[in-house]
Amino acid sequence: MLHVLYLVHDVSDPAVRRRVQMLKAGGARVTLAGFRRTTSPVAEIEGIEPVDLGATRDGRFAQRLGAVAKAAVSIGAKLGAVPRPDLIIARNLEMLALARRANGALGANVPIVYECLDIHRLVLRDDFVGRTLRGAERRLARDVKLLVTSSPAFIANYFEPFGQIDAPVELIENKYFEAASVVATHSFEDDSPAPPWRIGWFGALRCRRSLELLADFTRRQAGRFEVVLRGRPALSEFPDFHGFVEAEPWLSFGGPYRNPEDMAAIYGQVHFSWAIDFFEAGQNSEWLLPNRLYEGCRFGTVPISMADTETGRFLKQQDIGVLLSEATPEGVEAMLGRMDQDGYRGLKSRVLARNPRTWSYDRSDCAAFVDRLRGLAAVPATFAAEAAA
């Protein structure tokens, strides 16, 4: 069985759990090690006790650099009880640095896979900081065996034009993971949709501009539209998040949720999903294909996106969703303000008509990914029966 050492920037990130699920479902054994954004060490992720490398803080880049430097000194001792892995997956740039240190500490030349699912604004700066970070990435990635990323626009707008990595690319979109095989149809029909129309904004809540735009729009609509927020607000971006939401009559925050356990329930409560992010406008926010895009469509909600983004182009190709031409309350009103039952049914029917594999991965996809990794590590294909069950 392929043994993967998965080095991550935040073991408490729900996306880390999803990748661990995918690796295990594909037949890999996983050792998880990384930093955390929680006060105390995380006890377990999918039955795995993570190797704790310390705490970091969201948005505090200097603090994260210090934590990485400290972990680089101690990683040999931290991984002392870990059997030699067949492969290391490094999630994000700082973990790529630690992957090379781990190789040295393990006394091995273990193949490294670089997983990069966001292009941080610092590496795109046209100054000393940006050039230094890009140079560090090129050096650290000079012999990686595979780049894993989630959007074609990351490749077209960053990795290729900057010449960052000379390695094959594996595109793994941020699709919903199905424990069972993806079926041919889903049924999420609502026979009597009616106002108030509810927009769900779920996941990593980090975009102040989206929050203010939605607040303004719902006030203009005076109750015809409501916004339900669920997930993890980035208080480093808006420390007044809770007070802001409580002061808005048609915004509500329902707290965090579990993925996949709560997904059907939370998306079943809304008509539309907000797939817009201005957090790094003109850069990462325009290039990404977010989790909420796939999750919302998987559960039959109608996605809302800016037309001139990678998400908007993707939705246009699928001929679904609501595409905004301008990020203003007036722009949202122009597309949604006159929504009625027939209009909503038409929008939703187009989402439901798409092949559900557009939105989901199942165990066969997981097995194919692990097979790709196994080929890099040259490990015989001997799955444990329970892993494929």
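Helix 5 (152-162), helix 9 (284-287), helix 10 (291-298), strand 13 (302-306) and strand 14 (322-324) are among the elements that cover the buried residues of helix 11. Those buried residues of helix 11 (residues 310-318) are Glu310, Thr311, Gly312, Phe314, Leu315 and Gln318. The model is predicted.

**Overall build**

The protein chain holds 15 helices and 15 strands. Its C-alpha atoms fill a box of roughly 65 × 50 × 40 Å along the principal axes. How does the radius of gyration fit a compact globule? For 389 residues, a compact globule would have a value near 21 Å; the chain has 21 Å, so the two agree.

Of the 389 residues, 55% count as buried. The accessible surface of the chain comes to about 16,600 Å². Carbon and sulfur atoms own 50% of that surface. Among contacts with a separation of 6 or more, 72% link residues 24 or more positions apart. The chain carries 48 positive and 48 negative charges.

**Helix 14**

Helix 14 covers residues 363-377.

The buried residues in helix 14 are Asp365, Cys366, Ala367, Phe369, Val370, Leu373, Arg374 and Ala377. An α-helix has 3.6 residues a turn, so residues three or four places apart point the same way. Buried positions of helix 14 include Cys366, Phe369, Val370 and Leu373. Alanine 378 follows helix 14, with a positive phi near 55°.

**Positive phi after helices**

Helix 11 also has a positive-phi residue behind it: aspartate 319, with phi near 60°. Aspartate 319 is not a glycine. It sits in the loop between helix 11 and strand 14. Alanine 222 is another non-glycine residue with positive phi, about 50°. Alanine 222 lies in the loop between helix 6 (208-221) and strand 10 (225-233).

The cut-off for exposed is over 50%.

Glutamine 21 belongs to helix 1 (residues 14-25). Is glutamine 21 buried or exposed? Its relative accessible area is 11%, so glutamine 21 is buried. Which residues touch glutamine 21, leaving aside its neighbours within four places in sequence? They are Glu46, Phe177 and Pro260.

Proline 260 has a feature of its own. A cis peptide bond joins asparagine 259 to proline 260, with omega about 20°. Proline 260 lies in the loop between strand 11 (251-253) and helix 8 (263-267).

**Alanine 334**

Alanine 334 is part of helix 12 (residues 329-336). Its relative accessibility is 64%, so alanine 334 counts as exposed. Leucine 324 stands ten residues from alanine 334 along the chain. The C-alpha atoms of these two residues are 8.6 Å apart.

Notes. Residues numbered from 1 in each chain as written. Predicted model: local features only at pLDDT ≥ 70, side-chain atom pairs only at ≥ 80, totals over all residues. Heavy atoms only, no water. Helix = DSSP H or I, 4+ residues; strand = E, 2+ residues; numbered from the N terminus. Expected span 1.5 Å × (residues − 1). Buried < 20%, exposed > 50% of the residue type's maximum accessible area, 1.4 Å probe, protein only. Rg over C-alpha atoms; globule rule 2.2 N^0.38 Å. Contact = heavy atoms within 4.5 Å. Areas by Shrake-Rupley, 256 points an atom, 1.4 Å probe, with all protein chains shown as cover. Lys, Arg positive; Asp, Glu negative; His and termini not counted. Charge placed at Lys NZ, Arg CZ, Asp CG, Glu CD.
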